[in-house]
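Here is a friendly walk through one protein model, meant to be read with the structure open beside you.

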Amino acid sequence: MTLIQPRQMLADTVYEAIEQRLVNHDLEPGAKLNISTLAQELDVSPTPVREALARLEADGLVVKRPNAGYAAAPLMGSKDFDELFEMRLLLEPAAAGRAAARVGEDDLRALTDTLAEMRKVQGGAGSRETLRLFVHQDALFHDIIANSGGNTLMADTLRRFRAHTHLYRLYFREGITDATCREHERVLDALREADADAAAATMRTHLRRAQQRLLPTVIGTGPDDADSRA
């Protein structure tokens, strides 16, 4: 007998499925989103798709156009990108510091496993599918740390911020994955030592370097192109 999913569980599942398609660029920036088509592909009714798109609009990952329905949001220009990292730099080092005092053995093992998975795929960074796997593990690493900090609102806010950042990560250049893994290792070492100051500092350094690594992919992509930095 088929079990009927609770409505909220179904809505969350549809939301996560569409969000992943956006982040993976299966739904390209600017692409029109057809509710009926998405419902058919996900084997659900249109209602949870509409609910998911409304949530994704609030997250800034889709836009609703007058008399034209929903579309995938365009990539941010450099100004919005800088503001996004400004917010991450305010919150994420604090989350890492909180996690250093609270992280348990299970989470440390999960972080170790996630970093190991990132290293497995880093050598094939030129492949789009490999980059998807790397991006997924990267997001998981940051999510575990934010959740370990014990502040649910902070963790949820950071997850939404990272969804925007990951829109650019499929344009990783050679060598970026190696640097990311080394920086994650330093963050993990600080968490193992339960050193809140070191965890915050290494996370801050990682984010600043990630911002600089991703910036070349941002220039020229958004509405503020004319004001973008060289």
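The briefing below starts with the overall build and then moves to particular places. Please keep in mind that this is a predicted model. The protein has 230 residues, and 47% of them count as buried. Its secondary structure consists of nine helices and three strands.

**Overall build**

- Going along the sequence, the elements come in the order α-β-α-α-β-β-α-α-α-α-α-α.
- Among contacts with a separation of 6 or more, 77% are between residues 24 or more positions apart.

**The largest pocket**

- Rolling a probe the size of a water molecule over the atoms shows where empty space is left.
- The largest pocket holds about 460 Å³ of space. Its lining is made up of 18 residues, and those closest to the centre of the pocket are Glu19, Gln20, Ala139, Asp143 and Arg159.
- Which helix gives the most to this lining? That is α6, which contributes seven residues.
- At least two lining residues come from each of α1 (7-23), α6 (128-148) and α7 (152-166).
- Sorted by class, the pocket lining comprises eight nonpolar, four polar and six charged residues.

**The largest cavity**

- What classes of residue make up the lining of the largest cavity? There are seven nonpolar residues, with no polar and no charged ones.

- A pair of aromatic rings is described by the distance of the centres and the angle of the planes.
- Searching the whole structure turns up one aromatic pair. The partners are Phe81 and Phe85, in a tilted arrangement with 5.0 Å from centre to centre and 55° between the planes.
- Both Phe81 and Phe85 belong to helix α4, where they are four residues apart, or about one turn of the helix.
- Why does Glu92 count as buried? The reason is its relative accessibility of 3%, which is under 20%.
- Leaving aside residues up to four places away in sequence, Glu92 touches His142, Leu158, Arg162, Met203 and Leu207.

**A charge over a ring**

- Arg55 places its charged end over the ring of Tyr15, at 3.9 Å from the ring centre.

- Leu191 is part of helix α8, residues 176-192.
- Because its relative accessibility is 2%, Leu191 counts as buried.
- Which residues does Leu191 touch, not counting those up to four places away in sequence? They are Ala96, Ala99, Ala100, Val103, Leu108, Leu111, Ile145 and Ala199.
- Leu191 and Ala101 are 90 residues apart along the chain, yet their C-alpha atoms are separated by 8.1 Å.

**Thr130 in helix α6**

- Thr130 lies in α6, the helix that gives the most to the lining of the largest pocket.
- With a relative accessible area of 16%, Thr130 falls under the 20% limit and therefore counts as buried.

**Backbone points to look at**

- Most residues other than glycine have a negative phi, and most peptide bonds are trans.
- Asp43 has a positive phi of about 60°, although it is not a glycine. Asp43 is found in the loop that joins α2 (35-42) to α3 (46-59).
- Is Asp43 buried or exposed? Asp43 is exposed, because its relative accessible area of 70% is over 50%.
- Ala194, likewise not a glycine, has a positive phi of about 55°. Ala194 is located in the loop between α8 and α9 (196-218).

Technical notes:
Residues numbered from 1 in each chain as written. Predicted model: local features only at pLDDT ≥ 70, side-chain atom pairs only at ≥ 80, totals over all residues. Heavy atoms only, no water. 1 Å grid on protein atoms, 1.4 Å probe; cavity = no way out; pocket = protein on both sides within 12 Å on 5 of 7 lines; lining within 4 Å. Points joined across faces, edges and corners; volume = space filled by probe spheres on them. Nonpolar A, V, L, I, M, F, W, Y, C, P; charged D, E, K, R; others polar. Buried < 20%, exposed > 50% of the residue type's maximum accessible area, 1.4 Å probe, protein only. Contact = heavy atoms within 4.5 Å. Phe/Tyr/Trp six-rings, centres within 6.5 Å; stacked < 30°, edge-to-face > 60°. Lys NZ or Arg CZ within 6 Å of the ring centre and 35° of its normal.
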